[in-house]
Amino acid sequence: MENITDADLARLEDAVLLAEEYSEKLGLFKSGFISPELRRFQLAAYAIYDICSDRQREVCHLRLKMYTFREIGEALGIGTSTAKVHWYRVLKKVSSVLV
């Protein structure tokens, strides 16, 4: 096992300070205290969630996981065209909120 030198100690102290700063920022983000530049995206996400139906949220969730419309239809027991309609309506709602 190596001994820690003064140079190692300084680097270790810097790493601890960076870890504490990161932890503080992560805690603020998780609590909802985020910068105004990012807050609008968070608020838009809440608004979009609230105006989408349960089925639209399901389709959106699967589409964002890169499922094809055919796979979404099979997973949810709906037709491919119906999955596309739900996706289209989600996109319309997203664009209305983000304008």
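Here, buried means under 20% relative accessible area, exposed means over 50%, and partly exposed is in between (1.4 Å probe, protein chains only). On that scale Met-66, at 69% relative accessibility, counts as exposed. This is a predicted model, so local features need pLDDT of at least 70 and side-chain atom pairs count only at pLDDT 80 or more, while totals for chains, interfaces and linings use all residues. Residues are numbered from 1 along each chain as its sequence is written, and side-chain values use heavy atoms, with hydrogens and water left out. Helix labels follow DSSP: helices are H or I runs of at least four residues, strands are E runs of at least two, and both are numbered from the N terminus.

**The nonpolar core**

- A nonpolar core is a set of buried Ala, Val, Leu, Ile, Met, Phe, Trp, Tyr and Cys residues joined through side-chain atoms within 4.5 Å.
- The largest one here has 8 residues: Val-59, Leu-62, Phe-69, Ile-72, Leu-76, Ile-78, Ala-83 and Trp-87.
- Two or more of these residues come from each of α3 (54-64), α4 (69-76) and α5 (80-98), and α4 gives the most, with 3.
- As general background, nonpolar side chains tend to be buried together in soluble globular proteins.
- Ala-83 touches Val-59, Phe-69, Ile-72, Gly-73 and Ile-78, if you skip residues up to four places away in sequence; a contact is heavy atoms within 4.5 Å.

**The largest pocket**

- The search runs on a 1 Å grid over the protein atoms alone; a pocket is an open set of points with protein on both sides within 12 Å along at least five of seven lines, and lining residues have an atom within 4 Å of a point.
- About 240 Å³ of space lies in the largest pocket, where volume is the space filled by probe spheres set on the points, with grid points joined across faces, edges and corners.
- Its lining has 13 residues, and Ala-45, Ile-48, Cys-60, Leu-64 and Val-94 lie nearest the centre.
- At least two lining residues come from each of α2 (36-51), α3 and α5, with α2 giving the most, 5 residues.
- By class, the lining splits into 11 nonpolar, 1 polar and 1 charged residues.

**Salt bridges**

- The whole structure has 4 salt bridges, each being a side-chain nitrogen of Lys or Arg within 4 Å of a carboxyl oxygen of Asp or Glu.
- One of them joins Asp-54 and Arg-57 at 2.4 Å, N to O. The two sit 3 residues apart in helix α3, so about one helical turn separates them. Asp-54 is exposed, with a relative accessible area of 54%.
- Another pairs Glu-58 with Arg-55, with the closest N and O atoms 3.1 Å apart. These two are also 3 residues apart in helix α3, about one helical turn. Glu-58 is partly exposed at 36% relative accessible area, and Arg-55 is partly exposed at 28%.
- Glu-74 counts as exposed at 55% relative accessibility.

**Buried spots in the helices**

- Ala-44 lies in helix α2 and is buried, with a relative accessible area of 9%. Leaving aside neighbours within four places in sequence, Ala-44 is in contact with Val-97 and Leu-98.
- The C-alpha atoms of Ala-44 and Arg-57 are separated by 15 Å, with the two residues 13 apart along the chain.
- Gln-56, in helix α3, is buried at 6% relative accessible area.
- His-86 sits in helix α5 and is buried at 14%. With residues up to four places away not counted, His-86 touches Arg-55, Gln-56, Val-59 and Ile-78.

**Back to Met-66**

- Met-66 is in the loop between α3 and α4.
- Its phi is near 75 degrees, a positive value in a residue other than glycine.
- For context, most residues other than glycine have a negative phi.

Technical notes
On a 1 Å grid over the protein atoms alone, a cavity is a set of points where a 1.4 Å probe fits but cannot get out, and a pocket is an open set with protein on both sides within 12 Å along at least five of seven lines; lining residues have an atom within 4 Å of a point. Ala, Val, Leu, Ile, Met, Phe, Trp, Tyr, Cys and Pro count as nonpolar, Asp, Glu, Lys and Arg as charged, and the others, Gly among them, as polar.
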